[in-house]
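Dear colleague,

My notes on what was found in it follow directly after.

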Amino acid sequence: MRLLKNMTLVIIALLTITSIRLANVQAQTCTELCITGIEPIEIPSSTGGQITVYGEFFDETLNPVVILAGYGALPTTFISTNILTATVPAGISQGTYSVRVVQSGASAQVNNRLYISEASSNSTPEPTASPTPGFSRPNVILQRGNANQLTVAPTEFFILSTIVTNKGNQIALDVTVSIASTDIIIPIDGSNVRSLGTLAVGQAVTVEWPVKLGKDVAEGPKSVKFDVNYYDNKSEKISNTYEVGLTVLIPKATGGGVAATKTPTPTATAVGNAQLIMTGYSVNPPGELKPGDQFQLELQLLNVGNASSKGFLVSIGGEDGGSLKPFAMLNSANVRYFDGINAQQVLKVTFDLIVSGKAEANIYNLPVKISPLEGGGNNPANVTPAPTSESGAGGTPSSPSSATNSFSAIVSLLVVDQPQLKMNWTGGTAPYLQASAPILLSLEISNIGANTVNISTIDLTSPQMDITNTGVLVGQLAAGTSTTVEVNAFPYQEGPADILVTVNYVNALNSAKVIEQTFSLTVDAIPPTPEVPEGGEETPTDTETPWILRVIFGFFGISTE
């Protein structure tokens, strides 16, 4: 009796835990196909594993499939209208993946929710090193990085560098870092928040803050507070505050061993400081860059100091151009020279570039550096001079010139590699369409590019006909291979008909993209039905002239043909 009672209590506890877990996962309600949660959200690459996808409106009759963005379709098992399971194979590259569910043309996706971790070690762990169940969590910390000045004056612009690292044993999601002590330092670019996205276990990111001191900041050591916010895999928010120290130095008056007293007599104005920074950049024409594209990169520079700058250089891709790849310069060098710009003046610098035809889809960081020249005003050899038509360039600075501190920044350029797909009707001949006559359409899609294409679905639609069993699942289409899509079509009426082919795919950056192509066809009319007389015999179309008439016509020389 006691054993039965204990087993009953265990069963009740398990059911309670399961119901709580399902309640947590399925808290979101949807009106159409959606994903409300995934368990687990981290799987080792060495072993792979099974994930459970929770959601709503999963339909077994529509053959739902779980797709791992950037990899392809996974073996999927339908459990219920709210639960699917999928098997993640071993050997998938480390990284954060989006998960998508597709069924009969409809789809739902959650972004950056499954993390494939590094291969686990084969060494046997010590017994004392076993982690406590439920203790796995991210731990994002902030440390001071290298600053170009540790001691600053109230009028000086400086760069405060911080290093943000995930020291935990789980990925950190939606990481943001913000300056809390905006009364001590003020960001030059106007924003005190940086969004870092997802940080993998052990990943470190350097964040540079172009700042200046706040108004009426007193001399001495200061503690600048930073707020770090992020989420764990259960969407629980974690917040921490860290402090970075710096020293404020008030310049003393010169002359004598005793500090000068304040007098109303005017004194000579000291030469100020010039500091150039990059406030932004743009790409023209706007949009995504593809291999072979030519574009213009425009940098917006600003002198945030209180004096005009001397001569300086602006370089991209490193001063020797070694970090330009996969880009190349067009009609100019990668280094530009400028005589100087006035305080608070804007300068726009443009570079003409081209994307390598072999560039892979990725986000490329292009280094930008502003370097002062000793003495200024002398154009060094092998450097392209700046035209005087650029904003802020040319002319003589109107205020006393001062040396410019070096400034480094990063320009992030997105390159996408659009798949090269060739679409043809199977057999190379367009199908013959007839009004009100069903037909099986067969379309061949070939990957003529050099890279594998991760195709989710292919849809065929037309306003002039009814097309069924579309939304064909494909998966990965290797370079040099092809796939055939077959759908049933029913043309409504005669006349021109357009069929739109939509290829839904996921690019190398885990973004859903679309390729469309329209085929223009002609639908013929229904052929007329031959007339049949009441006797059941067809009415002859040609009648012969009776023989008696042929004799008479021949007597008078009249032809009967």
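Phe312 is buried, at 0% relative accessibility, where buried stands for under 20% relative accessible area, exposed for over 50% and partly exposed for the range in between (1.4 Å probe, protein chains only). Phe338 counts as buried too, at 3%. Please note that this is a predicted model, in which local features need pLDDT of at least 70 and side-chain atom pairs count only at pLDDT 80 or more, whereas totals for chains, interfaces and linings use all residues. Residues are numbered from 1 along each chain as its sequence is written, and side-chain values use heavy atoms, with hydrogens and water left out.

The structure holds four aromatic pairs. Rings of Phe, Tyr and Trp (its six-membered ring) pair if their centres lie within 6.5 Å; planes under 30 degrees apart count as stacked, over 60 as edge-to-face and the rest as tilted. One of the pairs joins Phe295 and Phe327, edge-to-face, with 5.8 Å from centre to centre and 75 degrees between the planes. Phe295 belongs to strand β20 (residues 294-303) and Phe327 to strand β23 (residues 327-329), so this pair ties together parts that are 32 residues apart in sequence. Strands here are DSSP runs (E, at least two residues), numbered from the N terminus. Phe295 is buried at 4% relative accessibility, and Phe327 is buried at 5%. The pair of Phe312 and Phe338 is stacked, because the ring centres are 5.5 Å apart and the planes stand at 20 degrees. With Phe312 in strand β22 (residues 312-316) and Phe338 in strand β24 (residues 335-338), the pair ties together parts 26 residues apart in sequence. Ring pairs also link Phe295, Phe327 and Tyr364 into a cluster.

As for charged groups, the count comes to one salt bridge, defined as a side-chain nitrogen of Lys or Arg within 4 Å of a carboxyl oxygen of Asp or Glu. Lys290 forms this salt bridge with Asp293, the closest N and O atoms being 3.8 Å apart. Lys290 is partly exposed at 31%, and Asp293 is partly exposed at 22%.

Finally, strand β36 (residues 482-491) has a covered face that includes Val485 and Val487, and an uncovered one that includes Glu486 and Phe490. Strand β32 (residues 439-447) runs antiparallel to β36 and is joined to it by eight bridges; two strands pair if DSSP finds at least two bridges between them. Ile439 stands opposite Ala489 of β36.

Yours sincerely

Terms used. Helices (H or I, at least four residues) and strands (E, at least two) are DSSP runs, numbered from the N terminus.
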